[in-house]
Amino acid sequence: MERTHRKSPSFLRRLAIAVVAASLLAAGIAGCGDDDSDNTVAKSGTPAGEQQGQAASEKTSDHSPIKIGVILSYTGPFGLYGKPMETVLRARLAKAGDEAGGRPIELIFEDDATDANSAVSKATKLVEQDKVAAVVCCVGGAATLAVGPVLAEKKIPQLGPIPNPAGLEKYATAAMAAPTAGHDATELGTYAAKKLGYKTAVVVASDFSYGHEVADGFKKGFTDAGGKVVQDVFAPLGTADFGSYLSRVEDADVAFGGFAGADAIKFVQQYQQFGVKKRMPLIGHGPLVTELVLKAIGDAAQDVGAGFYYSSTLKTPDNTAFLDALKPTPQVIPSHFTAGAWATGSVLIDAINRMKGDVSDGLALAKAIRATNIPAPWGTLKFDTSTGYAEAPTYYYVVKGAGATLHHEIVEEMS
Amino acid sequence: MTPAEAVFQLLIGLSFGLLLFLLASGFTLTFGLARFVNLAHGAVFLVAAYVATSVGGPGWRFVLGVGAAAATGLVLSVVVYALAASRWRVIGERTLVQVLLTFGALLVLADYARSHWDGLPRSLVAPSALDGSWAFAGSAFPVYRLFMMGAALVVAALLWWLQERTSFGALVRAGVDDREMLAALGVSTRRLFAAVFALSGVLAGLAAGLGAPVLGAAMGQEFDILVLALVIVVLGGPGSLAGAFAASLAVGVADAYGKAFLPSFAEFTMMGLVIVVLAWRPAGLFGTAET
Amino acid sequence: MSVRRAMTVPRVRRVAVVLGLVALVAVPHVGDAFQVTLVVRGLVWATLAASVWFLLRICDLPSLGHAAFFGIGAYTAGLAVTRWQVDNVFAALGLAIVVTAVLSLPIAVIAGRLRNMQFILVTLAFAEMTRSLATRWAELGGTDGLVGVIRPGAWPFGLDLSDATTYYYFALAVLLAGVALLVVVVRSPFGAVLRGIRDSEQRVAALGYNPLVYRVAAFVLSAVVAGSAGVVHTYLNRFANPTDVAPLVSARALLIVVLGGAAIAGPVTVAILLTIIEDALSSHTDRWLGVLGALYVVVALANGAWNPAAWRRALVRRRGGATPATHAADDAPPPPARRAATLERTT
């Protein structure tokens with residue numbers, strides 16, 4: 001018991017040390033704050049302070065830079081997407097002379113570490129400290145949904161670069177430059193039943209939001225068009241070994257695979273190794289055999305079919321321009337992530353041009369973004385003005401070639 | 001479930017379990033002997049797997065890939081030990097400092113892998129001779145899995161021989177049971193520990209290389225592999241190779257049956273096993289009471 | 001007792017305590033809206049770290065599963081406003097505390113019998129199962145998380161929690177209440193038994209105390225504080241997500257405690273500082289995790305030098321005072337005779 005008494009002084013002493021540190025920390029924060037507001041003044045030429053104050057001073061004649069915040073994943077499971085998307089977005093703006101609406105564009109990139117909490121924090125930072133006019137966000141569905149209400153409250157437009165889940169319709173500030181994954185999977189389901197002539201299907205998908213979204217979409221499209229889904233199996237995200245699932249898959253006319261990333265590689269490889277490919281063909285939503293995983297899968301990907309809004313083998317004029325722009329950076333693989341970053345840049349430039357550089361009204365800018373109708377690598381990019389989700393063509397393609405020549409061969413546009 | 005199906009799932013489970021043994025046996029040795037919690041083990045695996053996928057290739061280059069992975073594992077593991085050994089008097093005694101040191105090393109290694117290989121998931125295709133399937137029980141079993149099982153069994157047999165039949169193994173066994181005795185015998189614990197860390201790294205590298213056609217290399221593995229290794233070490237009892245072997249096979253088989261017959265609960269199989277075993281035998285399947 | 005303390009604690013340190021608290025209170029007046037919310041994040045981590053600190057330093061139980069309780073608190077807070085129409089933050093907090101306590105009890109009973117690595121692993125296993133549940137339970141929104149959360153009212157106080165400054169003080173209040181609760185418990189007779197169990201379980205058991213009962217109670221108390229941190233977390237971000245239950249959350253909380261040293265003020269300070277450092281680093285380089293890892297390695301290697309307890313002992317010796325007994329054993333290598341038992345002992 002006496003220990004309790006003797007301990008007290010040392011506890012307080014340590015508390016004291018810590019609290020001194022806390023004071024320093026508080027001083028540090030205050031210091032940082034001053035630095036940052038100084039920077040804001042220097043860069044934008046507007047008085048620091050309330051956003052409204054800054055906004056009011058931005059007139060059409062203003063030649064100060066327009067700041068655009070970009071939240072991507074550079075670390076964590078989606079860390080592979082951040083750097084290439086940044087490179088492409090920069091290349092797209094460079095092509096337009098780094099300006100739009102007569103004003104220079106300044107991009108501010110932030111890492112959300114594949115974590116929705118960080119995405120919200122970074123969005124707050126971009127809005128409160130950097131006073132950005134719009135935020136491009138995010139790579140992960142959870143992050144995109146989490147940031148939605150934050151930006152809506154601040155009346156700052158949010159532009160999603162890749163397919164994102166439904167759920168942002170209620171925010172007038174949100175616009176997604178790609179169709180939802182569920183949309184493309186539904187189209188594929190319909191196509192599989194009507195054009196490919198499959199009567200029965202099994203669905204094997206990743207047991208997280210994306211997997212369920214594409215599985216549900218495919219099932220809906222397939223059953224509505226008269227097909228029958230005989231079995232559905234969901235495997236946890238990051239499954240090391242699909243053998244046990246694959247050996248239990250029932251016979252059907254076709255199998256639908258809903259996997260992405262490292263899981264897609266293992267699934268498509270093991271689909272062949274466990275002999276299921278001999279029993280029935282494999283089709284899936286685009287990410288199953290996207291350019292990012294195709295070479296890693298190897299010849300096991302041959303003849304796998306996919307329904308998606310983008311493939312690097314599309315022959316649209318804007319896709320050619322996009323692929324040309326990638327030539328100086330051969331390490332960047334063309335995929336729907338980087339093509340999405342390209343299209344996002346196009347949307348921003350177009351919308352700001354139409355606003356003649358006046359981005360002071362976030363809601364007006366958001367409306368201008370939704371009114372965009374421009375060429376994108378996958379064809380025409382326009383938004384459903386009531387939901388904010390992009391309307392895009394959906395293609396059916398099949399993997400052909402072998403080894404280093406593996407590629408998508410476009411069959412036709414499904415819708 | 002027909003008997004043939006049961007045997008088929010057993011094979012899948014055993015092949016995965018043997019791979020688990022390779023990646024966890026090194027961890028159990030360093031933990032059992034040096035009482036060192038090497039959280040960097042998962043990142044050593046990750047970097048070795050990436051090395052295997054970049055050095056390896058079709059045909060004989062597959063062997064090159066596996067060898068490079070083992071060499072990578074050896075070097076990284078020894079570096080981690082060298083870091084710890086520089087202040088072993090403090091770090092060797094304090095688990096939480098080990099946690100801090102090796103978690104830091106894990107972040108550094110994983111960040112290196114992410115930036116060097118662009119975070120892309122990669123794979124190593126098995127040599128064409130091993131790339132086929134073997135028709136069995138109305139399904140097909142990949143030939144490579146059989147090869148992997150054989151290779152893992154050979155490594156396990158070598159480990160057993162090393163531990164039971166060599167003076168090195170005798171020292172390790174003595175050290176696991178009673179570290180004070182090593183000092184009393186006048187053995188240089190530093191050199192012995194370095195050797196065990198090197199062995200641990202080689203085993204992780206071999207697991208990464210041999211497992212590359214199945215597991216590939218991808219970010220996130222640094223944590224997944226670490227959790228698997230922790231599960232097996234604690235289930236099997238720290239320092240016990242026999243325990244790690246039994247625990248690996250048990251986890252592998254439970255995982256396979258869970259996925260095949262209770263797919264909705266597959267995620268809970270492994271952690272459920274951990275809770276049941278620890279609630280029943282806190283020291284692990286083969287552990288001694290004092291741990 | 002208070003008189004004795006007043007005489008033994010140097011005035012300068014008491015001034016520092018006041019200054020530190022003033023600094024924390026002053027944050028909303030000197031920082032912009034982002035900086036204030038960033039420090040709120042730090043306060044959330046500080047609350048979580050305090051709960052892990054209690055188990056580790058007082059009970060010698062290193063938990064790698066506190067993300068489970070953090071997540072249970074977070075999801076309860078989210079469900080309270082999205083499903084159960086609870087429009088009062090204190091009611092939601094109380095609800096989360098009850099739910100966390102009830103759900104942590106069976107875990108505590110199983111984990112309380114284990115020590116060291118076994119304890120680490122079993123807590124990790126429970127947290128992983130909780131995460132799987134959060135990921136798979138459609139009601140909870142799966143990996144997209146529980147969205148549409150709004151900050152509830154604060155009756156009977158006329159507070160508007162949607163205001164950043166008000167929310168900051170709410171978060172600070174939860175942290176201080178949690179820390180005060182833990183400190184009071186540590187200094188109570190109950191806490192003395194806990195420390196007795198930590199230092200010599202047999203002796204305390206021989207005195208007729210049941211160590212398991214005490215460990216279970218301590219575990220549940222710690223879980224409840226972690227759950228409260230989850231509540232503040234959810235209302236801050238206005239969603240709950242399975243990443244809140246990820247092993248990295250548990251690992252980070254444990255690391256903060258390891259970095260922070262033996263006293264509770266350590267983890268609290270480190271949590272706030274680390275949150276700010278991580279944010280600044282990640283804005284400057286995408287290699288920030290590597291930089292952070294290198295930092296951990298350096299701190300671990302400098303551990304002999306980074307030893308506040310040793311400084312304190314030196315200080316006390318210089319003053320001719322007695323060495324504080326309680327935590328001295330934590331920081332010094334154990335004597336050889338105790339080594340076998342303390343090989344995996346947390347220090």
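## The nonpolar core

Within the largest nonpolar core, which holds 364 residues, B:Leu109 and C:Ala49 touch the most other members. The structure discussed here is a predicted model. Helix H3 of chain C, covering residues 33–59, supplies the largest share of this core, namely 19 residues.

What is B:Leu109 in contact with, leaving aside its neighbours within four places in sequence? Its partners are B:Ala40, B:Ala43, B:Val44, B:Leu46, B:Val47 and B:Leu76.

## Chain A in outline

Chain A contains 14 helices and 16 strands. Of the 415 residues in chain A, 64% are buried. Among contacts in chain A with a separation of 6 or more, 67% are accounted for by residues 24 or more positions apart.

## Helix H1 of chain B and its partners

Helix H1 of chain B spans residues 3–34, and helix H11 of chain B spans residues 241–261. These two helices pack at an angle of about 140°, and their axes lie 7 Å apart. Because angles over 145 degrees are needed to count as roughly antiparallel, H1(B) is oblique to H11(B). The crossing in which H1(B) passes H11(B) is right-handed. Sorted by class, the residues in the contact of H1(B) with H11(B) are 17 nonpolar, seven polar and one charged.

H1(B) also packs with H9(B), at an angle of about 165° and with the axes 8 Å apart. H1(B) and H9(B) are therefore roughly antiparallel to each other. Their crossing is left-handed. On the side of H1(B), the residues making the contact include B:Leu19, B:Leu22, B:Leu23, B:Phe27 and B:Leu33. On the side of H9(B), they include B:Phe193, B:Val196, B:Phe197, B:Leu203 and B:Leu210. How many charged residues does the contact of H1(B) with H9(B) have? It has no charged residues, alongside 16 nonpolar and six polar ones.

## Where chains A and B meet

The contact between these chains takes 28 residues from chain A and 29 residues from chain B. Which elements give two or more residues to the side of chain B that touches chain A? They are H1, strand S2 (139–142), helix H9 (189–215), H11 and helix H12 (266–280), each of chain B. H1(B) gives the most to this side, with four residues. By class, the side of chain B that touches chain A divides into 16 nonpolar, seven polar and six charged residues.

## Where chains A and C meet

Helix H4 of chain A, residues 116–128, packs with H3(C) at an angle of about 160°, and the axes are 8 Å apart. That angle makes H4(A) roughly antiparallel to H3(C). The two helices form a left-handed crossing.

From H4(A), the residues A:Ser121, A:Thr124, A:Lys125 and A:Glu128 take part. They meet C:Ala33, C:Phe34, C:Thr37, C:Leu38 and C:Arg41 of H3(C). The residues of this contact comprise three nonpolar, three polar and three charged.

Methods: Residues are numbered from 1 along each chain as its sequence is written. Chains are lettered from A and ligands numbered from 1 in the order in which they are written. This is a predicted model: local features need pLDDT of at least 70, side-chain atom pairs count only at pLDDT 80 or more; totals for chains, interfaces and linings use all residues. A nonpolar core is a set of buried Ala, Val, Leu, Ile, Met, Phe, Trp, Tyr and Cys residues joined through C-beta atoms within 7 Å. A residue is buried if 20 or more other C-beta atoms lie within 10 Å of its own, exposed if 12 or fewer, and partly exposed in between; C-beta atoms are placed from the backbone. Two residues are in contact if their C-beta atoms, placed from the backbone, lie within 7 Å. Axes are lines fitted to C-alpha atoms, for helices over the stretch in contact, and angles run from 0 to 180 degrees between N-to-C directions. Angles under 35 degrees count as roughly parallel, over 145 as roughly antiparallel, 65 to 115 as roughly perpendicular and the rest as oblique. A crossing is left-handed if the near helix is turned anticlockwise from the far one by less than a right angle, and right-handed if clockwise. Ala, Val, Leu, Ile, Met, Phe, Trp, Tyr, Cys and Pro count as nonpolar, Asp, Glu, Lys and Arg as charged, and the others, Gly among them, as polar.
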